[in-house]
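Please open the structure in a viewer and keep the selection tool at hand.

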Amino acid sequence: MFSLNLPPRPPRPPKNPKERVPRGKPLRRSPVVWTVGVLVLLVLALVAASQVWTEVLWFRQIGFLKVFTTQWMARIGLFLAGLLVMGLIVWLSMWLAYRDRPTFAPATDADQVVSRYREQFEPVRRVAMVLVPLAVGAFAGVSAASHWEEVLLALNAGNFGQTDPEFGLDIGFYVFQLPAIRFIVSFLLASVAIGLVAGIVVHYLYGGIRAAGLKTKLVPAARIQLGITAALICLLMAVQYFLDRYSMLSDGNPRGADGAGYTAIHANMPAKLILACIAVFVAVLFVVAAWRGDWKLPATGLGLMVLSAVVVGWAYPALIQQFSVVPSQADKESPYIERNITATRTAFGLDDVEAAPYSAKTDATPGALREDADSTASIRLLDPTVVSPTFRQKQQNKQYYDFPAVLSVDRYEIDGVKQDTVIAVRDVKLAGIGESSSNWVNQHTVYTHGYGVVAAYGNTTDESGWPKFYEGDIPAEGKLDVEEPRVYFGTTSPSYSIVGGTDQDRPVELDYPSDDQESGQVNTTYTGDGGPSVGSALNKVLYAIRFGSTNILFSDNVRPDSQILYDRDPAVRVRKVAPYLTLDERVYPAVVDGRIVWIVDGYTTSDAYPYSEHQAMDTAALDSITSRSDVAGINNVGSKEVNYLRNSVKAVVDAYDGSVTLYAWDPDEPVLKAWASIYGNQLEPVSSISGDLMSHLRYPETMFKVQRTVLASYHVTDPKSFFSGQDFWKTPNDPTKEVTPQQPPVQQPPYYLTLKMPSQPEAVFSLSSTYIPVGTGENDRQILKGFLAVNSETGNQAGKVAEDFGKFRLLLLPQGASMAGPGQVQNTFASDSNVKSQIRLLEDQGTEVVRGNLLTLPVGGGLLYVQPLYVQATGGTQFPSLQKVVVGFGDDAVGVADTLNDALNNVFGGDAGAEAGDKDVEKETPPVDGEDTPDDGGTIEPSAPPSASASPSAPPPSQEPPADLSGVDKAIDDAFKAWDAAEAALKAADWDAYGKAQTDLRAALDALRAAREGAT
């Protein structure tokens, strides 16, 4: 690859005319072929231009054009650099080989064959000398362009302020510089290796390398070029070996904790250093051989290098592991496990977890909840995964509106009292407009937006078990003071809509249905600034190509000043303007300062934090909610493994104009600071967050799920105990979900609810989960080992986050205790005679029971379990209504009643000591089987919110006393007892006992009939 002063070549003999290859008559291309080719190229160019320029328009309109230009400049720059480096190396190698070609006459059969190849190659040589480097360089450029993030981070790197425990280097070196350095070295190694191959081929074609029997002869020029090229390859391999030592600190370890363990430190790292030295030595041998012409030394060196890689790089570490580490592995690995524990807890933000023993009481004594009145009053009864059909039935209004299958949980201050709330956006659904009306005009210019939010109290229902709404209806009414209810940017918005412009008093966008209008609807014209202009002829053409619709060109609804809205999903918009963020799986709506917004949590991550354990985000995030296929707004976090995670950004997307605001939630986070430097800091400070917005921010769900997965093992901080793994935990499976071959068990999701942990002075909005021991099959013990909660209350002060926000608290159940976990509790509920009898009654009218989320709360000095039971029709229109609440406490105290308040009193001897949010509800039996009912469930509740801390409400209106069902309950219990006795007698072949049980069963059924008639 280098030009050297070689002896002058002998003059080349004149060409033999006989060896000339006769040229045929050149082919003449038809003008039609040229015309078609040019047209194809123009069409392809126009399509590409439409994609690129419409992206430019989108980024410019939203105010993040620098994000687009920075990415493309980085990609183009790296592509050109990769093309230049690879192409230049390959071209130089080919050019040197051709320039220094010898002059010789074919002397052997092999020479004759090569000569024929050369003759065939010679006519295209000049083209090949250009096209081959360009083609190889183009592939290399594409590969280089994909590493734009690593390169930009390395160029804008900062320090973490923490050092690794082995080399004492700042963590920033491993996160920022090392990946880029490794990429550059690997790229150069591949380029030089391909250049070597290219040089060998050209030398072979032109006689620089000749086969002479069993030997291969190289002319001096070929020997020097190939020798120096091989030396460069060895030097680059030496650099790779040297860098491997640093990469070991963040490597995964299938045998134990991630990071470099005893064997890696004492065997692998010295081996890498030895191999690097050997590679440098072999490089020197290649340089010597290039001048001396003796290939025995470098060949021996290569053999030594391979042998060393086997012996030093593999066998020696394996022997150390087997005979030095394994016999006393706990002692040998303990210092490195301690490094792993410390690094993992720090990298995942778990280094300040407040862990405390919790000796949970098992006796349900009267007044036990008196100290937990706020938590009791806030216990959430509405399950956001169940009640979506009820929201749809009561608040959908028209078929072209819809709600997500899983609703969101938030908190709002209503009449001076903070309320846990189940909330959803009424978004537009094009599938609901019907086939007869499904045309381009309706899909893209008429049905352009959703309308309003619907919110219900989380801790109570109305008398029929429907959600108790305090915001909803069309036009919007309620307590949230929504000033702009229109939702042009949502999770189910159309792919694109053309809106706005001068309508000449003829608006075409359907705003909302209205009986007061002759047309049955109120129309509107978009007045926001949410999309690029589509009025000009050029933009019409570009967008018509992008979306594959000529209607954009000719529709009268596309006005000169119209806008086109696209990429409307909030997560998509945030992902485009902040491509460096990994987004939370869930986006959620909020009403902030009179406007509907979407809040998206963004994470900065790395997989290169030394000694930290790697965690697959998709595995940790999978639960009974995210595994559902019908849930809109679920973002795929990808299969990436991370060992560093921070919630660095809170993103807010306005539902009306689509504007995206990125708040630097963790402004000192090093990865975020690097990206802010790259993109010119388009982040807003926390100080600019309004008090209203601050009150709706929360601890992110996906991050919590990853952290709870990590903490399941890393609550153990003693290295030897960690090594034994005897106290590892796991998240229990969701016991409310039926397990089938098509639906395997999945984790129970964490739950947002207001609760007070034992060390907290008051109840706060929290995110919580539980732990059970690790085990499978017969060893799968459903006993509770830990309860984890994080403070998710940000406060409502502008520009200031609540001091205790993000604080983790872990309750450790006694080692010898066998407190029931969610699986056991669900089994206890299912086998309780009172619960079974109530379910039988609920299912007696052609309905089915839907079990809501099973909540666990550390109140009353013990553990309280709450599960709502919903009833819906078995077929037809199904919309669940809450009819019963099951409560458990301690070992076997189970209560079931129409309301949570009554169920708590049943469990705690008639006096729970605190009142639930539904204390004033007097249940009525709702219609079932899809009966037509007045839509009174959708009426917005004007009364004060139901809370124990609210002012006392007026007594309920007088009504008929409820029917006495005690006789029904007793008859059902007697029937179950008789049935069980008959089953036992049948198995024992005791026919006398079997006959008596049948008689008792008949008597119980007669009593049941009489009791029901008396009750009605």
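Begin by selecting Asp-804, which is partly exposed, with a relative accessible area of 29%. Arg-809 is buried, at a relative accessible area of 8%. The model on display is a predicted one, and every value on this tour is computed from it.

**Salt bridges**

For a network of charged residues, select Glu-55, Arg-546, Asp-567 and Lys-576 together; salt bridges with shared partners join these four residues. How many salt bridges does the structure hold? The total is 29.

Select Glu-793 and Lys-418 next. These two residues form a salt bridge whose closest N and O atoms are 3.5 Å apart. Glu-793 lies in the loop between β27 (786-791) and β28 (808-812), and Lys-418 belongs to strand β6 (residues 417-425), so the pair ties together parts that are 375 residues apart in sequence. Of the two partners, Glu-793 is buried, with a relative accessible area of 11%, whereas Lys-418 is partly exposed at 37% relative accessibility.

Move on to Asp-623 and Lys-705, another salt bridge, with 2.8 Å between the closest N and O atoms. This pair also links distant parts of the chain: Asp-623 is in the loop between α17 (617-621) and β21 (641-642), Lys-705 is in helix α20 (residues 701-714), and 82 residues separate them.

**Aromatic pairs**

Turn now to the rings. The structure holds 44 aromatic pairs. Select Phe-160 and Tyr-609, whose ring centres lie 6.3 Å apart and whose planes stand at 75°, so the pair is edge-to-face. Phe-160 is in the loop between α5 (148-155) and α6, while Tyr-609 is in the loop between β19 (595-606) and β20 (615-616); the pair therefore ties together parts that are 449 residues apart in sequence. Phe-160 is buried, with a relative accessible area of 14%, and Tyr-609 is buried at 5%.

For an aromatic pair that is stacked, select Tyr-752 and Phe-765: the distance is 5.5 Å centre to centre, with 5° between the planes. Tyr-752 sits in strand β25 (residues 751-755) and Phe-765 in strand β26 (residues 764-773), so this pair ties together parts that are 13 residues apart in sequence. Tyr-752 is buried, with a relative accessible area of 5%, and Phe-765 is buried at 1% relative accessibility.

To view a cluster, select Phe-167, Phe-173, Tyr-174, Phe-242 and Tyr-246, which are linked by ring pairs.

**The nonpolar cores**

Which residues touch the most other members of the largest nonpolar core? Select Leu-480, Tyr-580 and Leu-662: these hold that place in a core of 159 residues. Then select helix α6 (residues 171-205), which gives the most to this core, with 15 residues. Another core lies apart from it and has 62 residues, including Leu-369, Leu-382, Val-422 and Ala-897.

Return to Leu-480 and display its surroundings. Leaving aside residues up to four places away in sequence, Leu-480 touches Tyr-412, Ile-414, Ile-423, Val-453, Ala-455, Tyr-470, Glu-471 and Val-591.

**The surface**

Leu-44 has a relative accessible area of 54%; the cut-off for exposed is over 50%, so Leu-44 counts as exposed.

**Last stop**

Finally, select Lys-996 in helix α26 (residues 991-1015). Lys-996 is exposed, with a relative accessible area of 54%. How far apart in space are Lys-996 and Ala-981? Their C-alpha atoms are 9.0 Å apart, and the two residues are 15 residues apart in sequence.

Definitions and conventions
Residues numbered from 1 in each chain as written. Predicted model: local features only at pLDDT ≥ 70, side-chain atom pairs only at ≥ 80, totals over all residues. Heavy atoms only, no water. Core = buried A, V, L, I, M, F, W, Y, C linked by side-chain atoms within 4.5 Å. Buried < 20%, exposed > 50% of the residue type's maximum accessible area, 1.4 Å probe, protein only. Helix = DSSP H or I, 4+ residues; strand = E, 2+ residues; numbered from the N terminus. Contact = heavy atoms within 4.5 Å. Salt bridge = Lys/Arg side-chain N within 4 Å of Asp/Glu carboxyl O. Phe/Tyr/Trp six-rings, centres within 6.5 Å; stacked < 30°, edge-to-face > 60°.
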